[in-house]
Amino acid sequence: MENNETILKVKNIHKSFGDLEVLKGVSFEVKKGETICFIGPSGTGKSTLLRCINLLTQPDQGSVWLGDAEVTNSGKNINHFRQKIGMVFQNFFLFDHLTAIRNVEIALIKVRGMKPKEAREKALEELRQVGMEEWAEHYPAELSGGQAQRVSIARALAMDPDVILFDEPTSALDPELTREVLEVMKKLALAGMTMLVVTHEMGFACSVANRIMFMEHGEIKEQGSPEELMSDTKFERCKNFIGQFD
Ligand code: ADP
Ligand code: MG
């Protein structure tokens, strides 16, 4: 299925913390259904970039657009955009005192005003999507890290987002658990979800991403398809970076 609609535009984003210039003018566009992986050394602004996209951090300059609507100028619509641009973090951020299904349905009830029964059905459907429906009544402390991360993906999905941002979703997990989370993400990508994924998982990036962006010192230094990354035409700096892991 071809779809050429641009869903997200990031234009010339700058962000400093005090004297530290973390993002030095980052721009790119994302088409509906694309998966884009961001790789690069730590401290180069990848998390800050994702946080600027859904305004967890306010950029100093530049704009973010979801479809024709400007996210960076959203005023009291900010919560609308936070629903439409979902986020999945390294450390899950589930509510410890709520069961898996309550974690997924709570925003459906409190933010979207859904009736409890309807919210429960939708939450269960989202848990099914990530293979966690049998764990619906368990608390986060009873789940493995991989299971907890799958619940947090279900929570993002429940908002029917246009885009999901993943910030190193498997960095806190053992290899076995990493695999089960990456499987879920791959399934979402194949189902047409638009995803921006900060990751060190090169296998995932090369097999799932439509494009790979290499970030360094607050800029996108190189970008292209996985094929271009694996051929010798582009990504020289990026290859040096990847080589450090071998
Ligand atoms: P990455 O995700 O690529 O590792 P980050 O975006 O987390 O990079 O951080 C980039 C730089 O910005 C780092 O030097 C970090 O210490 C700094 N930084 C990030 N957030 C803040 C903040 N809220 N206040 C001050 N410095 C920050
Ligand atoms: Mg980071």
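# Exercises on a predicted model

At a relative accessibility of 0%, Asn103 counts as buried (buried is under 20% relative accessible area, exposed over 50%, partly exposed in between, with a 1.4 Å probe and protein chains only). This is a predicted model, in which local features need pLDDT of at least 70, side-chain atom pairs count only at pLDDT 80 or more, and totals for chains, interfaces and linings use all residues. Residues are numbered from 1 along each chain as its sequence is written, chains are lettered from A and ligands numbered from 1 in the order in which they are written, and side-chain values use heavy atoms, with hydrogens and water left out.

## Exercise 1

## Exercise 2

Task: describe the backbone and the exposure of Phe92 and Phe93.

Solution. Step one: Phe92 sits in the loop between strand S6 (85-88) and helix H3 (100-110), and Phe93 lies in the loop between S6 and H3. Step two: phi is near 65 degrees for Phe92 and near 55 degrees for Phe93, both positive values in residues other than glycine. Most residues other than glycine have a negative phi. Step three: Phe92 is buried, with a relative accessible area of 17%, whereas Phe93 is exposed, at 52%.

## Exercise 3

Task: work out what surrounds ligand 1 and which backbone atoms lie by its oxygen atoms.

Solution. Step one: list the residues with a heavy atom within 4 Å of the ligand. They are Phe17, Leu20, Val22, Pro41, Ser42, Gly43, Thr44, Gly45, Lys46, Ser47 and Thr48. Step two: sort this shell by class, which gives four nonpolar, six polar and one charged residues (Ala, Val, Leu, Ile, Met, Phe, Trp, Tyr, Cys and Pro are nonpolar; Asp, Glu, Lys and Arg are charged; the others, Gly among them, are polar). Step three: assign the elements. Strand S2 (20-31) and helix H1 (46-53) each supply at least two residues, and H1 gives the most, with three. Step four: check distances to ligand oxygen atoms. A backbone N or O atom of Gly43 lies at 2.6 Å, one of Gly45 at 3.0 Å, and a polar backbone atom of Ser47 at 2.9 Å. The protein covers 57% of the 560 Å² of accessible area that ligand 1 has on its own (Shrake-Rupley method, 1.4 Å probe; for residues, only the protein chains shown count as cover).

## Exercise 4

Task: determine which residues of H1 are buried, and what follows the helix.

Solution. Step one: six of the eight residues of H1 are buried. Step two: these are Lys46, Thr48, Leu49, Leu50, Cys52 and Ile53. Step three: just after H1, Leu55 takes a positive phi of about 60 degrees.

Terms used: Polar contact = N/O pair within 3.5 Å; in protein donor to acceptor, adjacent residues only side chain to side chain. Helix = DSSP H or I, 4+ residues; strand = E, 2+ residues; numbered from the N terminus.
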